[in-house]
Amino acid sequence: TSSQASTQTVQGQFSSLKTGPLPAAAAFPVQGWQHQNVGTLTSGAVSWNDEDHWLVRSRGGQIWGTSDKLHFLYRGYTGDFRIETRYEDLAVLEGGGNLNNWARAGLMVRKSLQPDSENFAVLRAKAGGRTRTQRREASGANTQATESGVNIPIDEKVWLRIERSGSTFSGYYRKDDQQDWTLISSRSLAELNVSDSTPLYVGLATSSQASTQTVQGQFSSLK
């Protein structure tokens, strides 16, 4: 602690202090999870401080347009599924300056790990405190978005969920685990309707939107 004033004494109060190094990202896979850059990024990495708290970092790139550049923590899911997480924060880790308005972090489903792949996502962005779904309905097509219509500051915690039922993909959010889930959008996406034996790539994605910044998305309760 420091007071910044020679005439004042300040007191900082803390509890539950724990220490310990983060395992190196090279220790993957963890219970089937893998990670990699999708598209060309300056860098990207994943680490965790236990099996319930994930840090996903990305430098450069975007999740928009006809092709993505992001860092992706993923595993294969077949058939119908549901995945949810508690988004905790998205902040600049290296490079200085303010977080870009269109840096993004959240849940994503991809047909492939190619940058122009079909996908469906529930993402947070600083601009307008957005929580939105995004989708690319065909390989190389333009990304489309549906807004939740609520303003939740980027540093506030939000639960995110994606559900698949056949060809239908639905994105939800809730502000805490005592609230009901609110549907943002539900779309029938034929190109993501792969056979029950063919896995989709499902997990956490971040992008910084600024080539000079590394951002870090923090997540917990991924299941």
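**Exercise 1. Decide whether N119 is buried or exposed in this predicted model.**

Step 1. Find the residue: N119 belongs to strand β7, residues 119-125.
Step 2. Take its relative accessible area, which is 2%.
Step 3. Apply the cut-off: buried means under 20%.
Result: N119 is buried, because its relative accessible area is 2%.

**Exercise 2. Describe what surrounds N119.**

Step 1. Set aside neighbours within four places in sequence.
Step 2. List the remaining contacts of N119: D68, M108, V109, R110, Q134, R135, R136, L189 and L192.
Step 3. Look for a side-chain link. The side chains of N119 and D68 make a polar contact of 3.3 Å.

**Exercise 3. Classify Q209 and S221, two residues with positive phi.**

Step 1. Check phi. Q209 has about 70 degrees, and S221 is near 55 degrees.
Step 2. Q209 sits in the loop between β13 (200-207) and β14 (214-220). S221 falls in the segment after β14.
Step 3. Read the accessible areas. Q209 has 27%, so Q209 is partly exposed. S221 has 19%, so S221 is buried.

**Exercise 4. Find where the protein chain has its lowest and highest confidence among strands β2 and β6.**

Step 1. Start with the whole chain: the mean pLDDT is 88, and 90% of residues reach 70 or more.
Step 2. Compare the elements. Confidence is lowest in strand β2 (residues 43-50), with a mean of 72. Strand β6 (residues 104-110) is highest, at 98.
Step 3. Check residues 19-29. Their pLDDT stays under 50, and the model gives them 18 contacts beyond four places in sequence.

Conventions. Residues are numbered from 1 along each chain as its sequence is written. This is a predicted model: local features need pLDDT of at least 70, side-chain atom pairs count only at pLDDT 80 or more; totals for chains, interfaces and linings use all residues. Side-chain values use heavy atoms; hydrogens and water are left out. pLDDT is the predictor's confidence in each residue, from 0 to 100. Helices (H or I, at least four residues) and strands (E, at least two) are DSSP runs, numbered from the N terminus. Contact means heavy atoms within 4.5 Å. Buried means under 20% relative accessible area, exposed over 50%, partly exposed in between (1.4 Å probe, protein chains only). A polar contact is a pair of N or O atoms within 3.5 Å; within protein, one must be able to donate a hydrogen and the other to accept it, and residues adjacent in sequence count only if both atoms are side-chain atoms.
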